[in-house]
Amino acid sequence: MPTLVEAVHDALEHSPAAPHAWGLLSLPGDALASAGAARRFVRAMARSCGLPTDMAEPLEMITGELAANALEHSESRSVTVVFFRTARTATVSVTDEGHGCASVPDLPGAEQENGRGLLIIDTLAGRWGQRKTDGGFTVWAEIAVRSNPGPAGQPTGPAE
């Protein structure tokens, strides 16, 4: 598993803009409850950097799906969640010890219980992707951060 420093370096290296806020959480890879902890972490990070609920909720859902996939498919001892916010985007990534490949599957049948996670991410995220790291596999997703409303609802430009 990549060290926490490597996970942060990976997130910073692949971001085109300077961070305004970031956070990192390492969780047990053998406990499905880690997906809930990952969602709560991202919700708290989104709130702490001033994202409105309608932007925080998709990030939380994306995180739950990314974490659940890592926990279910990678057999990792731990997973690392990184939240990264710039003036224009909020990005979440989950790194595990896996060597897989994430791809959007065909639409599962109505009775099928699994197979919708990446479809959900593809729908909610502005962009998402994956990359092999030195010690594992990272899947990331980002959403655009809209302008903060100014006095009387006037836009003030990108959040700083």
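Analyst: Buried means under 20% relative accessible area, exposed means over 50%, and partly exposed lies in between (1.4 Å probe, protein chains only). This is a predicted model, so local features need pLDDT of at least 70 and side-chain atom pairs count only at pLDDT 80 or more, while totals for chains, interfaces and linings use all residues. Residues are numbered from 1 along each chain as its sequence is written, and side-chain values use heavy atoms, with hydrogens and water left out.

User: How many residues of strand 5 are buried?
Analyst: Strands are DSSP runs of E with at least two residues, helices are runs of H or I with at least four, and both are numbered from the N terminus. Strand 5 covers residues 136-144. This strand has nine residues and is mostly covered, the number buried being eight.

User: What is the order of the strands in the open sheet?
Analyst: Two strands pair if DSSP finds at least two bridges between them. The edge strands, each pairing on one side only, are strand 1 (21-28) and strand 4 (127-133). The five strands pair in the antiparallel sense, and their order is 1-2-3-5-4.

User: Which residue in strand 5 is the bridge partner of glycine 129?
Analyst: Strand 4 and strand 5 form a hairpin with two residues between them, and they pair over seven bridges. On another pairing, strand 3 and strand 5 are joined by eight bridges, with serine 93 opposite tryptophan 140. The bridge partner of glycine 129 is also tryptophan 140.

User: Which residue in strand 2 stands opposite glycine 23?
Analyst: Let's go to strand 1, an edge strand. Strand 1 runs antiparallel to strand 2 (residues 78-85), and eight bridges join them. Opposite glycine 23 stands phenylalanine 83.

User: At about what angle does helix 2 run to strand 1?
Analyst: Axes are lines fitted to C-alpha atoms, for helices over the stretch in contact, and angles run from 0 to 180 degrees between N-to-C directions. Contact means heavy atoms within 4.5 Å. Helix 3 (residues 53-73) runs at about 15° to strand 3. Helix 2 (residues 34-48) lies across strand 1, strand 2 and strand 3, and its angle to strand 1 is about 165°.

User: Why does the span of helix 2 agree with what it should be, and how far apart are its end C-alpha atoms?
Analyst: The expected span of a helix is 1.5 Å times one less than its number of residues. Helix 2 has 15 residues, so it should span 21 Å, and this agrees with the distance between its end C-alpha atoms, 21 Å.

User: Which parts do the buried residues of helix 2 pack against?
Analyst: An α-helix has 3.6 residues a turn, so residues three or four places apart point the same way. The buried residues of helix 2 include Ala38, Phe41, Val42 and Met45. They pack against strand 1, helix 3, strand 2 and strand 3.

User: Which side chain does the side chain of threonine 95 make a polar contact with?
Analyst: A polar contact is a pair of N or O atoms within 3.5 Å; within protein, one must be able to donate a hydrogen and the other to accept it, and residues adjacent in sequence count only if both atoms are side-chain atoms. Threonine 95 lies in strand 3 and is buried, with a relative accessible area of 3%. At 2.6 Å, its side chain makes a polar contact with that of threonine 138.

User: How many salt bridges does the count come to?
Analyst: A salt bridge is a side-chain nitrogen of Lys or Arg within 4 Å of a carboxyl oxygen of Asp or Glu. One of them joins arginine 127 to glutamate 142, with the closest N and O atoms 2.7 Å apart. Arginine 127 belongs to strand 4 and glutamate 142 to strand 5. The count comes to three.

User: Which residue forms a salt bridge with glutamate 60?
Analyst: Glutamate 60 is buried, at 15% relative accessible area. The pair links helix 3 to helix 2, 17 residues apart. With the closest N and O atoms 2.8 Å apart, the partner of glutamate 60 is arginine 43.

User: Is arginine 77 buried or exposed?
Analyst: Arginine 77 forms a salt bridge with glutamate 97. Glutamate 97 counts as buried, at 13% relative accessibility. Arginine 77 has a relative accessible area of 64%, so this residue is exposed.
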